[in-house]
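Student: I've got this one open on my screen. Can we walk through it together?
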Amino acid sequence: AAPTRQHHFLNSRVFDALLDIVLLSRLVRAQPWDEPSLAFLNGEQQALVSDHALGRVAARRGLPDVRTFEVSRHRLADRIEAAIGAAWADLGLGAAESVALRLVVDPGTSRLPDHDGIPIEGGDRRYEAAARLCGHDPVTLGWYAGAAAGGPVRRRLALVGNAVLEAACATAQYVDDPLATEAQMSEERRVATSNAVLAERAHELGLVAHGDADDRRSVADEVQALVGAVALDGGTRAGLDVAASVLGRTFAPGPVDLLR
């Protein structure tokens, strides 16, 4: 069935962000953690999830047999996001992640190496404590130690965390007001995930190192890296729940159950 305007918008925000989460969680393992440049990650992300890239996937997979409108890469890309959304609505988050992997991520990254290592062990415990404050009990401590170490590791974890925050924020907006316009939602999301707001949360969670205190961008990165570390440690569900906590939102039973 054709999606309503509200469901189309939810697809374009929540499910696009979910695809980014799944893809970036794979891409950050394709290079050594201490690689200083993010050019590879940004380039691969654009190459695999742009409208043109998703349009090619949709056409190759036969999604859909389009007869009611002029075919365009943008409209076909929407169908990939809709397929992810349908899986989420029908069977839950795990099924949606599987669809994202099968349609886009696995075929697009099969040629890439997989280092699949944990950044570092031991060290600063700030991130472990912050994760617990947000409701997640850390399992593999190296993710949090890597985030606390800063540098390339933190920047990579922050990329994952930013996608998780986007998905959590878009879901919260839809829960609050499914009839809100795209412009309203975009502005609200921009404010809710701004450097100023995230920097304030970083201070509240005890994440700020002394040298970073006056740099809102780097302080915001700390919160994004926390969310990214949780997502890689406990999975996307855990990341979304911690992101909701960071954003000051509560969901019952949880943000990923919105469409079930």
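Student: Start with charges. Which residue's side chain meets Arg190 in a salt bridge?

Tutor: That is Glu187. The N to O distance is 2.6 Å. Keep in mind that this is a predicted model.

Student: Where do Glu187 and Arg190 lie?

Tutor: Both lie in helix H9, residues 182-192. They are three residues apart, about one turn of the helix.

Student: What is the relative accessible area of Glu187?

Tutor: It is 39%, so Glu187 counts as partly exposed.

Student: Why would such side chains pair at all?

Tutor: Side chains of opposite charge can pair when their charged atoms come close.

Student: How many salt bridges does a search of the whole structure find?

Tutor: Ten. One of them joins the side chains of Arg237 and Asp241, at 3.5 Å from N to O. Both residues lie in helix H12, residues 236-246. They sit four residues apart, about one turn of the helix.

Student: What are the relative accessible areas there, Arg237 and Asp241?

Tutor: Arg237 has 33%, and Asp241 has 29%. Arg237 is partly exposed, and Asp241 counts as partly exposed too.

Student: Is Glu222 buried or exposed?

Tutor: Buried, with a relative accessible area of 0%. Glu222 lies in helix H11, residues 216-234. Its side chain also makes a polar contact with the side chain of Arg126, at 3.1 Å.

Student: One more bridge. What is the N to O distance for Arg132 and Asp137?

Tutor: It is 3.2 Å, side chain to side chain. Arg132 counts as partly exposed at 44% relative accessibility. Asp137 is exposed, with 52%. The cut-off for exposed is over 50%, so Asp137 passes it.

Student: Switching to aromatics. How many aromatic pairs are there?

Tutor: The count comes to one aromatic pair. Trp33 and Trp143 form it, edge-to-face. Their centres are 5.6 Å apart, with 70 degrees between the planes.

Student: Buried or exposed, for Trp33 and Trp143?

Tutor: Trp33 is buried at 9% relative accessible area. Trp143 is buried at 3%.

Student: On to H2. Which residues in H2 are buried?

Tutor: Leu41, Glu44, Gln45, Leu48 and Val49. They cover an arc of only 100 degrees around the axis, so they are on the same side of H2.

Student: And which exposed residues does the face turned away from that buried side carry?

Tutor: Ala39 and Gln46.

Student: What about Phe40?

Tutor: Phe40 is found in helix H2, residues 39-49. It is partly exposed, with a relative accessible area of 23%.

Student: Now the inside. How many residues has the largest nonpolar core?

Tutor: It has 71 residues. Leu157, Leu226 and Val246 have the most contacts inside it. Helix H8, residues 151-176, gives the most to this core, with eleven residues.

Student: Which residues is Val246 in contact with, leaving aside neighbours within four places?

Tutor: Cys134, Leu165, Leu198, Arg201, Leu205, Val223 and Val227.

Student: Last, the overall picture. How many helices and strands?

Tutor: Twelve helices and zero strands.

Student: What share of the protein is buried?

Tutor: Of its 260 residues, 50% count as buried.

Student: And what share of the contacts comes from residues 24 or more positions apart?

Tutor: 66%, taken over the contacts with a separation of 6 or more.

Technical notes
Residues are numbered from 1 along each chain as its sequence is written. This is a predicted model: local features need pLDDT of at least 70, side-chain atom pairs count only at pLDDT 80 or more; totals for chains, interfaces and linings use all residues. Side-chain values use heavy atoms; hydrogens and water are left out. Helices (H or I, at least four residues) and strands (E, at least two) are DSSP runs, numbered from the N terminus. Buried means under 20% relative accessible area, exposed over 50%, partly exposed in between (1.4 Å probe, protein chains only). A salt bridge is a side-chain nitrogen of Lys or Arg within 4 Å of a carboxyl oxygen of Asp or Glu. The arc is that of the directions from the helix axis to the C-beta atoms. Rings of Phe, Tyr and Trp (its six-membered ring) pair if their centres lie within 6.5 Å; planes under 30 degrees apart count as stacked, over 60 as edge-to-face and the rest as tilted. A polar contact is a pair of N or O atoms within 3.5 Å; within protein, one must be able to donate a hydrogen and the other to accept it, and residues adjacent in sequence count only if both atoms are side-chain atoms. A nonpolar core is a set of buried Ala, Val, Leu, Ile, Met, Phe, Trp, Tyr and Cys residues joined through side-chain atoms within 4.5 Å. Contact means heavy atoms within 4.5 Å.
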